[in-house]
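Subject: Structure for your review

Dear colleague,

Please find below the structure that I am handing over to you. My findings follow directly after it.

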Amino acid sequence: MGRKIIVAGIDTDAGKTVASAILCEALQADYWKPVQAGDLKNTDSHKVEQLISNEKTVIHPEAYRLSQPMSPHAAAAIDGIEIDEKSLTVPATENHLIIELAGGLMVPLRKDLLNIDWIKQINFPVVLVAHYYLGSINHTLLSWELLQNRGVNVLGVIFNGDKNPSTFDVINERTQSKCLLEIEREKELNAATIRTYANRVEL
């Protein structure tokens with residue numbers, strides 16, 4: 001059986017989809033986004049499919065495709081449904097599998113089910129994606145501490161954006177985490193860029 005890895009971000013725009021594409025390319029892994037909220041004509045699944053170039057990756061269909069770009073619990077309510085974890089069945093595959101969360105760790109899938117609760121249910125290790133902005137130290141350390149307190153295995157951190165050595169050092173020192181990769185701000189993201197980063201990632 002292949003490895004199953006969850007990609008979680010410190011916030012909604014941390015860069016989870018790009019990180020997921022890089023991990024898929026590095027491992028020639030399958031990809032699954034359990035919940036897609038909004039942008040249904042250009043989903044994260046579509047983006048990953050366009051960014052990878054290996055022939056082994058399978059893009060598995062989302063369990064929920066919600067019409068509004070909102071927190072999953074709110075988007076589901078607008079669509080007249082409720083997200084049920086019984087429908088969040090991990091795709092059956094012998095290959096490695098990258099699972100990209102919808103939003104951050106404390107985002108509700110429904111009022112009584114947060115992303116972190118579902119992570120504990122399926123019990124796969126997490127790669128945490130952080131990006132550099134004012135407040136990212138706080139958000140990264142809070143996310144890290146939550147994962148630690150819930151007993152989740154964290155494989156390491158992927159940093160995204162213009163490098164900030166001070167932020168990088170504080171996060172590494174406080175978490176003692178492994179830096180899996182630093183993704184710089186790129187003028188263009190394409191399959192060649194993703195392959196370059198895939199060759200650098202340390203899993």
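**Strand 9 and its neighbours**

Strand 9 and strand 10 run parallel and are joined by six bridges. Please bear in mind throughout that this is a predicted model. Within this pairing, Ala130 stands opposite Phe159 of strand 10. Phe159 also has a bridge partner in strand 11, namely Glu182. Strand 10, covering residues 154-160, is joined to strand 11 by four bridges, and these two strands likewise run parallel.

Strand 9 also pairs with strand 1, in the parallel sense and over four bridges. Here Ile6 has Val126 of strand 9 as its bridge partner.

How much of strand 9 is buried? Six of its six residues are buried, so that the strand counts as mostly covered. In a regular strand, side chains alternate between the two faces of the sheet. In strand 9, Val126, Leu128 and Ala130 lie on one side, while Val127, Val129 and His131 lie on the other, and all of these are buried.

In soluble globular proteins, nonpolar side chains tend to be buried together. The largest nonpolar core of this model has 62 residues, and Ile22 and Ile158 have the most contacts inside it. Helix 1 gives the most to this core, contributing seven residues.

Which residues does Ile158 contact, leaving aside its neighbours within four places in sequence? They are Ala19, Leu23, Val127, Leu128, Val129, Ala130, Leu180, Leu181 and Ile183. Val127, Leu128, Val129 and Ala130 are among the buried residues of strand 9 described above.

**A buried glutamate**

Glu62 is located in the loop between strand 4 and strand 5 (64-66). Is Glu62 buried or exposed? Its relative accessibility is 14%, and because buried means under 20%, Glu62 counts as buried.

The side chain of Glu62 makes a polar contact of 3.3 Å with that of Ser45. A polar contact of 3.4 Å also joins the side chains of Glu62 and Arg65. Not counting residues up to four places away in sequence, Glu62 touches Trp32, Lys33, Pro34, Gln36, Thr43 and Ser45.

**The chain as a whole**

The secondary structure of the chain comprises seven helices and eleven strands. The radius of gyration is 16 Å, close to the 17 Å given by the globule rule for 203 residues, so the chain is as compact as a globular protein of that length. Taken along the principal axes, the C-alpha atoms fill a box of roughly 45 × 40 × 35 Å.

Of the 203 residues, 53% count as buried. Among contacts between residues at least 6 apart in sequence, 71% join residues at least 24 apart.

With kind regards

Technical notes
Residues are numbered from 1 along each chain as its sequence is written. This is a predicted model: local features need pLDDT of at least 70, side-chain atom pairs count only at pLDDT 80 or more; totals for chains, interfaces and linings use all residues. Side-chain values use heavy atoms; hydrogens and water are left out. Two strands pair if DSSP finds at least two bridges between them. Buried means under 20% relative accessible area, exposed over 50%, partly exposed in between (1.4 Å probe, protein chains only). A polar contact is a pair of N or O atoms within 3.5 Å; within protein, one must be able to donate a hydrogen and the other to accept it, and residues adjacent in sequence count only if both atoms are side-chain atoms. Contact means heavy atoms within 4.5 Å. A nonpolar core is a set of buried Ala, Val, Leu, Ile, Met, Phe, Trp, Tyr and Cys residues joined through side-chain atoms within 4.5 Å. The radius of gyration is taken over C-alpha atoms; the globule rule is 2.2 Å times the number of residues to the power 0.38.
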